[in-house]
Amino acid sequence: QVQLVESGGGLVQTGGSLRLSCAASTRAFTLNTYAMGWFRQAPGKEREFVASISWNGVTTDYADSVKGRFTISREFAKNTVYLQMNSLKPEDTAVYYCALDGVSYSAGSHSLDEYDSWGQGTQVTVSS
């Protein structure tokens with residue numbers, strides 16, 4: 001397992017944008033052969049899938065609630081995964097987590113069980 005570090009959360013008004021980043025805590029570990037996912041957890045709710053990206057960046061998938069507003073991407077040279085969030089709504093308020101799929105060269109998954117390394121999370125708050 002590897003420790004992941006998220007950044008980029010904050011407070012934004014409805015309709016605003018944020019970009020979250022996810023990197024490994026150690027430069028020696030490459031994320032570039034693993035699918036990655038973003039999940040979120042709002043107070044009193046279960047952690048839910050937001051987006052995933054395949055190991056090679058070709059395949060992406062999104063929860064219906066964020067399709068057309070969020071974009072997941074990865075920058076191999078920087079060993080970093082991003083979540084661009086546009087047109088934010090109050091219901092997007094949650095702690096956002098990035099996660100690494102433990103199987104190399106995979107396509108990504110909606111299932112939390114497929115991911116075996118997680119970050120500590122970054123808070124996103126959207127005010128109305």
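This is a short tour of a predicted model, from the whole chain down to single residues.

**Whole chain**

Zero helices and 11 strands make up the secondary structure. Followed along the sequence, the pattern is β-β-β-β-β-β-β-β-β-β-β.

Next, show the C-alpha trace alone. Along its principal axes it spans about 40 × 25 × 25 Å. The radius of gyration of the protein is 13 Å, which agrees with the value near 14 Å that a compact globule of 128 residues would have.

Of the contacts with a separation of 6 or more, 59% are between residues 24 or more positions apart.

**Surface and charges**

Switch to a surface view. The accessible surface comes to about 6,400 Å², and carbon and sulfur atoms account for 47% of that. Buried residues are 42% of the 128 residues in the protein.

Colour the charged side chains next.

**The disulfide**

How many disulfides does the protein have by the distance rule? The count is one, and the bond is between Cys22 and Cys98, with an S to S distance of 2.0 Å. Cys22 lies in strand β3 (residues 18-24) and Cys98 in strand β9 (residues 94-104); the two cysteines are 76 residues apart, so the pair links distant parts of the chain.

Look along the S-S bond of this pair. The torsion there is about 60°, and the disulfide of Cys22 and Cys98 is therefore right-handed. Are Cys22 and Cys98 buried or exposed? Both Cys22 and Cys98 are buried.

Most residues other than glycine have a negative phi.

Select Asn79, in the loop between β7 (70-75) and β8 (80-85). Its phi is near 55°, a positive value in a residue other than glycine. Asn79 has a relative accessible area of 16%, so it counts as buried, the limit being under 20%.

Then move on to Ser87, which is found in the loop between β8 and β9. What is the phi of Ser87 near? The value is near 50°, again positive in a residue other than glycine. With 41% relative accessibility, Ser87 counts as partly exposed, because that class runs between the 20% limit for buried and the 50% limit for exposed.

Methods: Residues are numbered from 1 along each chain as its sequence is written. This is a predicted model: local features need pLDDT of at least 70, side-chain atom pairs count only at pLDDT 80 or more; totals for chains, interfaces and linings use all residues. Side-chain values use heavy atoms; hydrogens and water are left out. Helices (H or I, at least four residues) and strands (E, at least two) are DSSP runs, numbered from the N terminus. The radius of gyration is taken over C-alpha atoms; the globule rule is 2.2 Å times the number of residues to the power 0.38. Buried means under 20% relative accessible area, exposed over 50%, partly exposed in between (1.4 Å probe, protein chains only). Contact means heavy atoms within 4.5 Å. Accessible areas come from the Shrake-Rupley method with a 1.4 Å probe; for residues, only the protein chains shown count as cover. A disulfide is a pair of cysteine sulfur atoms within 2.5 Å.
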